[in-house]
Amino acid sequence: MLQRTRDEARQAKMRDMTPLDTERLAMTTRHRLERDRLDTGLLARTRREAIERSSRLQNGLAGLWQTISGKAAKIIEQNQREAWDALRRDRAQRQEMIEAQRADRQRLELQIAECRERHFARQAEIFRELAAARSQLQPSANETAQEPFKRAAAQSREEDTRTPQREQPSQLQP
């Protein structure tokens with residue numbers, strides 16, 4: 001009967017954990033796709049902005065004139081500032097997504113931990129019931145197991161008291 005109860009508890013745990021495991025796997029896949037999609041979008045935007053920034057610098061005679069007049073240095077400085085700002089923006093956007101995904105994962109992990117704790121408590125209750133049932137069937141099982149050792153110890157003590165003490169051999173004379 002208790003074995004059946006344990007089996008039912010295991011089946012209940014599997015029944016409760018299966019949707020959570022399925023959700024965990026789906027979430028992992030969904031998060032990976034979101035990160036891949038974001039990375040692809042960020043890379044495309046970075047390339048597009050880099051092309052836009054580089055198009056500000058002219059080639060040929062116009063480029064030479066930009067360099068001589070000092071406009072090229074200002075444009076290069078502006079491009080570097082914009083590239084750095086874009087990099088920080090992209091890193092912040094990726095970090096925001098990671099934190100949102102981490103919060104999703106933590107909510108699910110909390111549900112999984114609560115489910116495991118419930119089933120662990122149920123399993124412990126079943127083991128307590130099993131131990132109580134065994135102690136009712138064999139109330140002196142622990143005492144019975146200890147009896148032979150107690151008897152052997154008692155006999156050993158009795159033998160020690162009955163055996164006369166041996167005298168120490170005196171020193172051997174030459």
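Predicted model: local features only at pLDDT ≥ 70, side-chain atom pairs only at ≥ 80, totals over all residues.
The accessible surface of this chain comes to about 14,500 Å², and 54% of that area belongs to carbon and sulfur atoms. Of the 174 residues in the chain, buried residues make up 17%.

As for the fold, the chain has 4 helices and 0 strands, so that along the sequence, as the pattern is read, we have α-α-α-α. Among the contacts with a separation of 6 or more, 81% are between residues 24 or more positions apart.

Let me turn to helix α2, residues 60–69, which is where W65 lies. W65 has a relative accessibility of 57% and therefore counts as exposed, the cut-off being over 50%. Together with L61, L64 and I68, W65 makes a nonpolar surface patch of about 520 Å².

How do α2 and helix α3 cross? Helix α3 covers residues 71–137, and its axis comes within 4 Å of the axis of α2, the two crossing at roughly 90°, which means that α2 is roughly perpendicular to α3. The residues that meet there are Q66, T67 and S69 from α2, and K71, A72 and I75 from α3.

A residue with a quite separate setting is H31, found in helix α1, residues 2–54. H31 has a relative accessible area of 7% and is therefore buried, since the limit is under 20%. Leaving aside residues up to four places away in sequence, H31 touches Q101 and D104.

Now the charged pairs, for which a search of the whole structure finds 14 salt bridges. One of them joins R81 to E77, with the closest N and O atoms 3.4 Å apart; these two residues are 4 apart in helix α3, and so are separated by about one helical turn. Both ends are partly exposed, R81 with a relative accessible area of 45% and E77 at 48%.

Another salt bridge is formed by D85 and R88, whose closest N and O atoms are 2.5 Å apart, and here the two residues of helix α3 are 3 apart, again about one turn of the helix. D85, at 35% relative accessibility, counts as partly exposed, as does R88 at 44%.

Note on methods
Residues numbered from 1 in each chain as written. Heavy atoms only, no water. Patch = residues over 30% accessible without salt bridge, like charges linked within 9 Å, V, L, I, M, F, W, Y side chains within 5 Å. Areas by Shrake-Rupley, 256 points an atom, 1.4 Å probe, with all protein chains shown as cover. Salt bridge = Lys/Arg side-chain N within 4 Å of Asp/Glu carboxyl O. Buried < 20%, exposed > 50% of the residue type's maximum accessible area, 1.4 Å probe, protein only. Contact = heavy atoms within 4.5 Å. Axes fitted to C-alpha atoms, helices over the stretch in contact; angles between N-to-C directions. Parallel < 35°, antiparallel > 145°, perpendicular 65-115°, else oblique.
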